[in-house]
Amino acid sequence: MESCSSVFVVMMNYTQGSLMDSMFFEMHKALCCRGCLSSLRMAKEELASSPDFVLEKMKNRHGSADFSKMIFVDSNLKIHIQAPFPIKRIRILTDAPYSQIKYFKNIGASDKITVVDRTHLEILSFLDVKHDAFFLPHAGMMPLSGLPGIFDRDIDILFVGSIPFQPTREMLDGKASLLRAKDLGASLLRGTAERILEKSQEPFAAFREACDEYSFDLDVLDSEAKFNCCEALAFLSRWCESKKRIDLLKALKSVPVAIVGEIPLSVRNSLGSHHMYYGPLLGYQVLMLMQRAKILLNSVSVFPRGAHERVFYGMACGACVVTDKSEYLKEYYNDKEDLFYFPDNVGMFDDFFVEKLKNLDELQKITASAMLKYENRDTWYCRSEEVINIAKKDFF
């Protein structure tokens, strides 16, 4: 066990019981395993939380606590803490910064920020965020033991992810006014969407490239205009993600998929009746399904230089992961050895999955290889070391 003089207070948002709940619970457990004093506290979004409560709790548990050694860790800038003295905070952004823009008012002067995709550092620069920022990808829990093998799993393919709406060109064009680019707005959003869908670019990188094509200078925008760009990008990312997920599921005509997530009836009707719909589930229920799945599909589209937590939770649960291409994943996980990356041609998806389900021996080897690699790199225990290093480097 490592020794650590820092006192960490992990703030976990009240949510709908998603895997993000597991994220902060796992972070708290990992910090404790590393010898840190850590307290886990639930808090509602935008709650003006008093640190006095936390300090008293730490005193009761450990005999003493000192605010000069205390570091608060939370997600997405949503928890505001009022205190008459500076507070050390590590703010973990679990999504793209443009999706959290309305919470940027909660960034404190000495806060450290982490992002889950390397391109998100460029977004912070665009938004004139001067705070220290670090790349900290998503992660997952420690691999589970006693899992059923691939041959003993009753769900062939599991897809987890919501589809908020049926994306249409009219919906996309309707957001063009946010850009205040006169007649260019619709062209900028369409050009950005094409780059995301066809080149798998991160939305902000695609947006900047589209702006360059149409000679729209992003760097001269004022703060209000940049805020509006972020609002448009947040919608655009959901639009593209929805389209890619619908295209993926529509392409699977021969293999039924167990689908978890909030999906409108109109979208469900367009996908076909051979799929099985579970609707939105709590995090622990999703993990139970992952332990029954031979293959886990993951499609997020917005982390091409990072990774999504479902990839790692799938590995921890012994499922064979099929996911978007990612620069970060490709540094460590090999295609056809540790996981599968989606074929470039959506028309190949159906045959691709039919073939994989015929060769369960291969799937078993891949899941075993992935789990060994994953345990040494992408658990929250691994990430907790990086959080401790940020604290040591920048706070003490």
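A crossing of two helices is right-handed if the near helix is turned clockwise from the far one by less than a right angle, and left-handed if anticlockwise. This report applies that term to a predicted model and describes its helix packing, one of its sheets and an aromatic pair.

**Helix 5 and helix 7**

The crossing of helix 5 and helix 7 is right-handed. Helix 5 covers residues 185–199 and helix 7 covers residues 223–251; their axes lie 10 Å apart, at an angle of about 45 degrees. The two helices are therefore oblique to each other. On the side of helix 5, the contact is made by Leu189, Thr192, Ala193, Ile196 and Leu197. Helix 7 contributes Ala232, Leu236, Trp239, Cys240, Lys243 and Lys244. By class, the residues of this contact divide into eight nonpolar, one polar and two charged.

**Helix 1 and its partners**

Helix 1 (residues 19–33) packs with helix 14 (residues 380–395) at an angle of about 70 degrees, and their axes are 8 Å apart. That angle makes helix 1 roughly perpendicular to helix 14, and the crossing of the two is right-handed. In this contact, Met23, Glu26, Met27, Ala30, Leu31 and Cys33 of helix 1 meet Trp380, Tyr381, Ser384, Val387 and Ile388 of helix 14. The contact of helix 1 with helix 14 has nine nonpolar, one polar and one charged residues.

Helix 1 also meets helix 10: their axes come within 11 Å and cross at roughly 75 degrees. Helix 1 and helix 10 are therefore roughly perpendicular to each other. Here Leu19, Met20, Ser22, Met23 and Glu26 of helix 1 face Glu309, Arg310 and Tyr313 of helix 10. This contact of helix 1 with helix 10 comprises four nonpolar, one polar and three charged residues.

| Helix pair | Angle between axes | Axis distance |
|---|---|---|
| Helix 5 and helix 7 | about 45 degrees | 10 Å |
| Helix 1 and helix 14 | about 70 degrees | 8 Å |
| Helix 1 and helix 10 | roughly 75 degrees | within 11 Å |

Six strands form an open sheet with parallel pairing, in the order 11-10-9-12-13-14. Strand 11 (276–279) and strand 14 (340–341) stand at the edges with a single partner strand each, so one side of each has no neighbour in the sheet. Strand 14 runs parallel to strand 13 (residues 320–323), to which two bridges join it. In this pairing, Val322 stands opposite Phe340 of strand 14.

Helices also pack on the sheet. Helix 12 (residues 349–358) touches strand 9, strand 12, strand 13 and strand 14, and its direction makes about 155 degrees with that of strand 12. Helix 9 (residues 283–290) lies across strand 9 (155–160), strand 10 (258–260), strand 11 and strand 12 (293–298). The direction of helix 9 runs at about 150 degrees to strand 9.

**An aromatic pair**

Nine aromatic pairs are found in a search of the whole structure. One of them is formed by Phe312 and Tyr374: the ring centres are 5.9 Å apart and the planes stand at 15 degrees, so the pair is stacked. This pair links distant parts of the chain, as Phe312 lies in helix 10 (residues 309–316) and Tyr374 in helix 13 (residues 360–375), 62 residues apart.

Definitions and conventions:
Residues numbered from 1 in each chain as written. Predicted model: local features only at pLDDT ≥ 70, side-chain atom pairs only at ≥ 80, totals over all residues. Heavy atoms only, no water. Axes fitted to C-alpha atoms, helices over the stretch in contact; angles between N-to-C directions. Helix = DSSP H or I, 4+ residues; strand = E, 2+ residues; numbered from the N terminus. Parallel < 35°, antiparallel > 145°, perpendicular 65-115°, else oblique. Contact = heavy atoms within 4.5 Å. Nonpolar A, V, L, I, M, F, W, Y, C, P; charged D, E, K, R; others polar. Pairing = 2+ DSSP bridges. Phe/Tyr/Trp six-rings, centres within 6.5 Å; stacked < 30°, edge-to-face > 60°.
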